[in-house]
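Hi,

Here is the structure I promised to pass on to you. Could you have a look at it alongside the notes below?

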Amino acid sequence: MKKEEFKNGDIIVFRNGDLGVFLKEWETILYQEDGYDYLEDFNDALEYELADDENDHSFDIMEVFRPWFGGAPSFFDHEENELVYVRDKKWRRPSAEERRAAREALEAARAAQKEENQKRMAAAREKMEEMRKSGELLTVVIQAMYGNRVITEILQKDIDKRIHGILDDVVPMPEKIGRTTIRVPHTENLVFVYDKYEEEKDRAYNEELIRESGRGLRPLAEIPEENIVLYSRCLVCRMKEDGTLVSLEEEDFGKFMHYLAE
């Protein structure tokens, strides 16, 4: 049986014994118990293609019954209708008890998986909190990554990568790294962080654009008190007296956001 041969109201029996009805208008199979799937979710052999496990054939279509003379479909007495497709004549539909046991086993497996996922998420949150406390993970505001004025978290070891716009470890870093900091005016421990070599390249490109078109790049940060304009990617965070970069605190944001382009 081909998928285009399905007719509205066809009752479908799946390998696990569940029933469904084909709704032509939406090209969907509405399950008797819960939910629906699109007919396109089944391949030409009428095998379900969205199973989490490629060896799971629970929802392969085994039989299709069609109401006689275009009558109304019914799950209750579907076997009294015309059998228009059968995958395996030796196959029999699991009994109600077998279907119930299989459903209970599936629900138990899902509950166990949910509990395991919750444990993993809790462990991940705990690990993240430990990294924040140790200073391994920093809260910063970064420009020209995911947008401007973006509050995000960065690993201490990845600061230079992010300033260069590198998100993937397989992408090589430039040979010359020139991390540079500028103190945020009127603050003691807030700094702009950028790479001076990237700034030199972007500034040269900006001058070239102005010569050729009369229009240049939009600055990403402007610090009029210091007569400084930054065209390259930069971030803002705190810096300790020993030069170690650390996370921003809630009270910091109002002290520097106006220096950053929106």
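Let me start with Ala112, which counts as partly exposed at 45% relative accessibility; here buried stands for under 20% relative accessible area, exposed for over 50%, and partly exposed for what lies in between, with a 1.4 Å probe and protein chains only. Before going further, please note that this is a predicted model, in which local features need pLDDT of at least 70 and side-chain atom pairs count only at pLDDT 80 or more, while totals for chains, interfaces and linings use all residues. Residues are numbered from 1 along each chain as its sequence is written, and side-chain values use heavy atoms, with hydrogens and water left out.

Ala112 sits in helix H1. Helices (H or I, at least four residues) and strands (E, at least two) are DSSP runs numbered from the N terminus. H1 covers residues 96-134, which makes 39 residues. From its first C-alpha to its last it reaches 57 Å, close to the 57 Å expected at 1.5 Å a residue; the expected span is 1.5 Å times one less than the number of residues. Just after H1 comes Gly135, with a positive phi of about 85 degrees.

Glu198 is 86 residues away in sequence and 50 Å away in space, C-alpha to C-alpha. Asp242, 130 residues along the chain from Ala112, has its C-alpha 48 Å from that of Ala112.

Now for the chain as a whole. It has 3 helices and 14 strands. Its radius of gyration is 31 Å, whereas a compact globule of 262 residues would have one near 18 Å; the radius is taken over C-alpha atoms, and the globule rule is 2.2 Å times the number of residues to the power 0.38. Along the principal axes, the C-alpha trace spans about 85 × 50 × 35 Å. Of the 262 residues, 35% count as buried. Among contacts (heavy atoms within 4.5 Å) with a separation of 6 or more, 50% come from residues 24 or more positions apart.

Helix H3 was the next stop. It runs over residues 196-213, and its 18 residues reach 25 Å from first C-alpha to last, close to the 26 Å expected at 1.5 Å a residue. Which residues of H3 are buried? They are Glu198, Glu199 and Asn206. These cover an arc of only 95 degrees around the axis, which puts them on the same side of H3; the arc is that of the directions from the helix axis to the C-beta atoms. As background, an α-helix has 3.6 residues a turn, so residues three or four places apart point the same way. Cover for the buried residues of H3 includes strand E10 (190-195) and strand E12 (228-230). On the face turned away from the buried side are the exposed residues Glu200, Lys201, Arg211 and Glu212.

Both ends of H3 have something to show. After H3 comes Gly214, whose phi is positive, near 80 degrees.

Tyr146, in the loop between strand E7 (137-142) and strand E8 (150-155), has a positive phi of about 65 degrees although it is not a glycine. Tyr146 is exposed, at 59% relative accessible area. Asn227, in the loop between strand E11 (221-223) and E12, is also a residue other than glycine with a positive phi, near 55 degrees. Its relative accessible area is 71%, so Asn227 counts as exposed.

Asp242 belongs to the loop between strand E13 (235-239) and strand E14 (245-246). With a relative accessible area of 60%, Asp242 is exposed. Its side chain makes a polar contact of 2.9 Å with that of Thr244. Such a contact is a pair of N or O atoms within 3.5 Å; within protein, one must be able to donate a hydrogen and the other to accept it, and residues adjacent in sequence count only if both atoms are side-chain atoms.

Last, strand E3 (residues 28-31) contains Thr28, which is buried at 7% relative accessibility. Leaving out residues up to four places away in sequence, Thr28 touches Val21, Phe22, Leu23, Tyr36, Asp37, Tyr38 and Leu39. Lys24, in the loop between strand E2 (19-23) and E3, is partly exposed at 40%.

Best wishes
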